[in-house]
There are 2 protein chains.
Amino acid sequence: MPAPTEFLDFVDSNADAFIKRLGDAVAIPSISGEAAHREDVEKMAKWLDEQLTAVGVETKLVDLGDQTLPDGGKLKLPPALLGRIGSDPKKKTVLLYGHFDVQPARKEDGWDSDPFTLVVHEDGRLVGRGSTDDKGPILGWLNVLQYHFDHKKDLPVNLKFCFEGMEESGSDGLDDLVKKESQPGGWFHGADCVCISDNYWLNTRTPVLTYGLRGLTYFSIHVSGPSRDLHSGVFGRTVHEPMTDLIALMGKLVAGDGRILIPGVEEMVPPPTEEEKAIYERLDYSIEDIEESAGAKIAIADDKIDALMGRMRFPSLSLHGIEGAFDGSGAKTVIPAKVSGKFSIRLVPPQTPELIEPLVTFFLESEFAKLKSKNSLTVEHLHGGKPWVTDHNHWNFEAAKAATRAVYNREPDLTREGGSIPVTLTFADALGVNVLLLPMGRGDDGAHSTNEKLDRSNFIEGTKLLGTYLYEIAAVDQ
Amino acid sequence: MPAPTEFLDFVDSNADAFIKRLGDAVAIPSISGEAAHREDVEKMAKWLDEQLTAVGVETKLVDLGDQTLPDGGKLKLPPALLGRIGSDPKKKTVLLYGHFDVQPARKEDGWDSDPFTLVVHEDGRLVGRGSTDDKGPILGWLNVLQYHFDHKKDLPVNLKFCFEGMEESGSDGLDDLVKKESQPGGWFHGADCVCISDNYWLNTRTPVLTYGLRGLTYFSIHVSGPSRDLHSGVFGRTVHEPMTDLIALMGKLVAGDGRILIPGVEEMVPPPTEEEKAIYERLDYSIEDIEESAGAKIAIADDKIDALMGRMRFPSLSLHGIEGAFDGSGAKTVIPAKVSGKFSIRLVPPQTPELIEPLVTFFLESEFAKLKSKNSLTVEHLHGGKPWVTDHNHWNFEAAKAATRAVYNREPDLTREGGSIPVTLTFADALGVNVLLLPMGRGDDGAHSTNEKLDRSNFIEGTKLLGTYLYEIAAVDQ
């Protein structure tokens, strides 16, 4: 069932009004990571609540309690905004997720215009903080609802909404809410599938459906020796230096070509099937795209499939830095007393933080023993999250593929993301249904960067995509 | 010729007055490293000028011009204070060096009392910034002068003084002054030897004469790749990561037991002679002393001679830190775009920065090539200084040994310092005479640390030592 032509025309003829509304949303600086803007996040929740109510959605603002700050203080969390519309047992029920908080932004950071004033450029860029992450997608859903409300049309599916205001700050409080509301009697109970629009196309050309995410496990390894920082003139070649030990350990973790050297970690991952290779071969992405995106010709692989699998299909280990050593400019001849090396491993199935942690700890402790150092080593496992891969042939994905063909007149790329979107797993685990990641924006939107933008065509055609997806859901033959 | 008993008695009976005068000096916060205190350094110069003039020394405050700050701004340098007393051609002429500036200090740093109020403790500790580094030793010379002035006694030698106010900030301007004043007609011309009292005993028990210093050569190695920091989820295992390359390089520089792995560096140093080994064997210092000083049982060597030679007789390489990587607490999943690894090598004869630099650069570039990374490497040589070793059987040292026997009733330890005192080389090169390092304070004085102290007995007996040294100089049979 394609979407009604009337809907597609409505979106085109109301494009300017939709962009104006996006401007209203961007104007609220709902930065969840800055205490001074916490009220704006709450204001944003209320604004969105009014918008949803005005198009017939039943809503509920849920108090999530307090956030515990690093200094032990408390800060009130912004409410989560739940919504539902339609309860026809003959229709499918789709749960939509989005977030209305944004990353920090200041003009001084290098923005060409005020981050909280949406600027419509002639080339179609709609520039403003939150335009693509994630107010644009949320307003895409609102635009779809607007059509059905204005035209007194029933939606083709029942909808449930979960909009949060803490995504950019760890989604504090959301997990418990999702688990609770997924129980019988809860607002999310009975959802047949989930759709999350909070990631991006691989490039600027080809729409994407995402069926996998890498997990993460983060480590801090602490090496300590002297009771205080020492002078390298007085103690150099006299004592075991924590930095010497730490650098030796960090140098054993990953090869220059990205292979993880911790025994057991690589071996856990099955080789790709021919079917998988075909998916990667089809992806509209090249080594040149990777190098343009990185700003330098530093791709490890010469082969496109290897490169994309390196990002999506295999685990990776990155060395992030060292805490406690000299990190300033210039020269300081210190022997730091205690240094902590930070690294993380991106995980793919069947790896989990629980499976990887003992391998890392055993390896580091064994290698440290070989150093015969008199310093002390502690391996700290900071946090982690499981990887996620779902069935991209599920009807939820088939509906999105059909919608993409209808709106963009092409097949979407099927991708796995190298990063994590933890809420995906929360929904998958709590509801036990298929989750689809259906991005609206392009790969160059600069979500967490300066001059964040959403292209007009992505917003408008994206609205059509979201609406058409709902009609295709209603049409799928399971 | 021993010092007159009258002198020794004078020092004992005026001890409290001397300590009070040390308190007056400590009360002037002459921190050369803080622009806001530059006036206090100048005030300190004038205070010292008045003290010297009052005991009959002819002085000259020398304007050293401006200091160029890192931001390109200019700050007036404090004056150097030159002095001379006596010009008897039949006497030896001794050039004395000291500095009247101090390290920064704030009570909040962890001091038990105001750093700029000298606190006299019952156990004999005189606690205050500059007490041991280096106002105590300067005032030791002043005490010696006080006796000769009060008793209208001629000094046993001619004295020249070079007191500076920028030692803790790189001795800006001093090199040129020393070179100029060492020329015929200059204030330092004709000095027969130099005595510098600006280092410390190895321990808390045994007086020390120092005849060697390690040099230094400091490197920053820069590895850069992407045009900006990247997200490890998106780019992990896709691009060559600068941190992976840098850690690999830094891990190749030094072994856990302190051996430098850069080919050619260790090989340059001759093995110790039996005579040298005997000096180290005699030193009143143990593995336990090293470990107590480091605050942990982390000594590399089990053997005392190995341990002390590691500090004094062999080069060392310390990894200080990394600039540009993640250095905060917590977890951040960044791939830093450009990282700079800092390390330095302490040098011993015949090593010099000029000889070592090409070995380091060649080695790092060769090892980087083996990594087959597409990132870029730059090896930057930041600064350096030559090592110094002098003849510890010279009459200048013999006089100090005799003085030590007379005042402390024991042989001094003959040491080489692991660190650098660049002015030593400046005097040695400019005057071509023997330089003696004759410390006043103990190894636990905490010169650059909190609760810096000089023990009352080191100040008072140290004053006797300095005076007796001058009498022994006059007595030496060359």
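Biologist: In which sense, right-handed or left-handed, does H4(B) pass H14(B)?

Modeller: H4(B) passes H14(B) in a right-handed crossing; a crossing has that name if the near helix is turned clockwise from the far one by less than a right angle, and is left-handed if anticlockwise. This is a predicted model, in which local features need pLDDT of at least 70, side-chain atom pairs count only at pLDDT 80 or more, and totals for chains, interfaces and linings use all residues. Residues are numbered from 1 along each chain as its sequence is written, chains are lettered from A in the order in which they are written, and side-chain values use heavy atoms, without hydrogens and water.

Biologist: What makes H4(B) oblique to H14(B)?

Modeller: The axes of helix H4 (residues 131-150) of chain B and helix H14 (residues 456-475) of chain B cross at roughly 60° and come within 9 Å. Angles under 35 degrees count as roughly parallel, over 145 as roughly antiparallel, 65 to 115 as roughly perpendicular and the rest as oblique; H4(B) is therefore oblique to H14(B).

Biologist: Which classes of residue form the contact of H4(B) with H14(B)?

Modeller: It has ten nonpolar, six polar and no charged residues.

Biologist: Why is the relation of chain B to chain A that of a two-fold axis?

Modeller: A rotation of 179° with 0.2 Å of shift along its axis superposes chain B on chain A, with an RMSD of 0.2 Å. That is therefore the relation of a two-fold axis. The same surface serves both copies, as 100% of the contact residues (heavy atoms within 4.5 Å) of chain B recur in chain A.

Terms used. Copies are superposed by least squares on the C-alpha atoms of residues with pLDDT of at least 70 in both. Axes are lines fitted to C-alpha atoms, for helices over the stretch in contact, and angles run from 0 to 180 degrees between N-to-C directions. Helices (H or I, at least four residues) and strands (E, at least two) are DSSP runs, numbered from the N terminus. Ala, Val, Leu, Ile, Met, Phe, Trp, Tyr, Cys and Pro count as nonpolar, Asp, Glu, Lys and Arg as charged, and the others, Gly among them, as polar.
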